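Here is a protein model to look at.

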Amino acid sequence: MAVTVAAEVKGAGTQGRCRTYHMAMTDTQTGERNRERTLRVWPGVVAVVLQWLGFFVLPMIAPDAMLYGIFGALGCALVVLLWWLFFSRAPQVERWGVLVLIIAGAFAASRLIDKSIAGGMMGFMFPMFSIPVLSLALVAGAVAGRRLSQGPRRASLVAAILLACVVFTLVRTNGMNGSGRSDLAWRWSKTHEERLIAQSQLPVVPSQLSALPATAKIPAERPVVPKAKDRPATLPPTPVAAETHAAAETGANWPGFRGPGRDSIIPGTRIKTDWSASPPVELWRREVGPGWSSFAVSGDLLYTQEQRGEDEFVTCYNATTGKPVWAHRDPARFWESNAGAGPRATPTLHDGHVYTFGATGIVNALRAANGAVLWTRNASSDTAMKVPGWGFASSPLVVGDMVIVAASGKLVAYDLATGAPRWLGPDGGDSYSSPQLVTIDGVPQIVLMSEVGATSVAPADGKLLWKYAWHSDTRIMQPAMTADGGILITAGDAMGGVGMRRIAVARGATGWSAEERWTSAGLKPAFNDSVVHNGYAFGFDGGILACIDVKDGTRKWKGGRYGQGQLVLLRDQDLLLVLSEEGELALVKATPDQFMELAHRPALEGKTWNHPVLAGDRLLVRNGTEMVAFRLPLAGG
């Protein structure tokens, strides 16, 4: 009995050890399977964190490093892909299935996204943003399901990826700033332009031209004159207009783009710089339609251009009250995703008339007092030049009895009185610059910056005088003259400005010549004009103000982050009045010693690319949503 029991116990013990060994083996295999099922996520998390820091955070801290952030983000996306396919521990079918889902989801989203997203960043917005967003979705789905069983884990991955794709279809962009940051909004929310149209009306001048399509070409030999029933007598009574008609017939305080010399230099005006003791006084603030026009000012009238729905407007306001006086409407609309809707050029005043150039090519000659149409043309049709990607942006230039505009890189001159075409200049390719009248060796000439470089033509007939080749992807800025006859020109590319160059132009026995004197990376404006003062050039190097010596291009200082703003120079006071991209005003000393900001205050809200205007003591600023008038305290006043 004892033996039997012992045997049974021995047997039981053997079986127990077998069962224990079997259970240990089972637990080991289960642990190994659990470790295989638990995804390895830390490499993906690290890569995505670095990716988002480089793509979104680095450009805000160092705008000049945006290119490095983009390429770094692409490199991190490759790391995420390699981690998922080879080091994530996910089953093979899961790895490749998720990759196929990402591609299919991105393709489907690309067909459903808003046109602003599809066209943003010259068509690269969706591909560029989808890479970090989908990388984050993949890693987030993996982290959420890393310890789940196969079914729930796959569900979390699918849900994260599809959610990311759906989000792209729910948003739009209201444009992007000079550093490439987008202004995102829900797709169904109303734009500022839509809200403005719903709540305000303009006193539109009735005209037979309003019924013409944007591409219409009015024969110059038959200038359009409004019929009696269309003349401004039909306008609603506007006391402001009656009081200010006479002022429009006098000389203009600020005749157009960048002032009398198109150089943003203001002589004779001195202002108080202690804005804490004597701050600018706001006279009025008014909403305005989108557009990047600046102002022309004559007496108590100011003129600008704006977009409202399907119509492009030339508008006149009372400069003291901000109330509308008259508006001329053309059935034309220009829009592109990066800068938004609206005309780009600034009106030009001359001899009681206002000359305008719309973003689709419409050239108007209107009576400055009441908006009556003298004549109209379409420069796109007249020059056979297509509307460029950012719209026609040339501000009209009056020379003698002609008004000249740049239809992209091709100049066209019209008779002031009739609108008859007088001459066409050489084709310079792409351009968003405006014609600049300069005098070199005693010879007046018109210089235009374009894709091929700088070209100069004779004002009388548009014949080429000289050309300087310096290819650039984007030409927007104006040339600047130095006191000793040099010309400063700039070049840019898709990422911004690449530098400034001084050229020497001279007339010899064999004709004109243009040669490089120096090229500097110390001042690299993207689309912000510079000013020259006392042998130094002041402007924007990326989003930071800078000063260089015009003798050799060496940088004297760099400071003050104003984004892609604009500025004017108060010459007699060695003072820069800066309007930042964020709509803030600043006073900065225009001296080469060091950067010195004297005053600072907010003026506008939102992206501001329009040039500021200072006519007397009245400062006028605007952007694509509002315009404001300030009275600046004059020194000694």
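Q: Where does Arg 262 lie?
A: Arg 262 sits in the loop that links helix H9 (239-249) and strand E3 (265-266). The model is a predicted one.

Q: Why is Arg 262 called buried?
A: Buried means under 20% relative accessible area. Arg 262 has a relative accessible area of 7%, so it counts as buried.

Q: What makes the backbone of Arg 262 worth a note?
A: Its phi is positive, about 55°, although Arg 262 is not a glycine.

Q: Which loop holds Met 122?
A: Met 122 is in the loop between H5 and helix H6 (125-144). Met 122 is not a glycine, yet it has a positive phi of about 55°.

Q: Is Met 122 buried or exposed, and how do you know?
A: The cut-off for exposed is over 50%. Met 122 has 52% relative accessibility, so it is exposed.

Q: What makes strand E24 mostly covered?
A: Strand E24 spans residues 487-493. Six of its seven residues are buried.

Q: How do you know that E23 and E24 pair?
A: Two strands pair if there are at least two bridges between them. Strand E23 (residues 480-481) and E24 have two bridges, so they count as a pair, in the antiparallel sense. Met 481 stands opposite Ile 487 in E24.

Q: What lies between E23 and E24 in their hairpin?
A: Five residues lie between the two strands. In the turn, Gly 485 has a positive phi of about 95°.

Q: How do you know that E24 and E25 pair?
A: The test asks for at least two bridges. E24 and strand E25 (residues 496-508) have seven, so they pair, in the antiparallel sense. Thr 490 stands opposite Met 500 in E25.

Q: What is the volume of the second largest pocket, and which residues are closest to its centre?
A: The volume of this pocket is about 950 Å³. Its lining has 38 residues, and the closest to the centre are Thr 173, Asn 174, Gly 175, Asp 183 and Thr 191.

Q: Which elements give two or more residues to the lining of the second largest pocket?
A: They are helix H5 (115-119), strand E1 (171-176), strand E2 (182-186), helix H8 (192-199) and strand E10 (340-341). E1 gives the largest share, five residues.

Key:
Residues are numbered from 1 along each chain as its sequence is written. This is a predicted model: local features need pLDDT of at least 70, side-chain atom pairs count only at pLDDT 80 or more; totals for chains, interfaces and linings use all residues. Side-chain values use heavy atoms; hydrogens and water are left out. Buried means under 20% relative accessible area, exposed over 50%, partly exposed in between (1.4 Å probe, protein chains only). Helices (H or I, at least four residues) and strands (E, at least two) are DSSP runs, numbered from the N terminus. On a 1 Å grid over the protein atoms alone, a cavity is a set of points where a 1.4 Å probe fits but cannot get out, and a pocket is an open set with protein on both sides within 12 Å along at least five of seven lines; lining residues have an atom within 4 Å of a point. Grid points are joined across faces, edges and corners, and a volume is the space filled by probe spheres set on the points.
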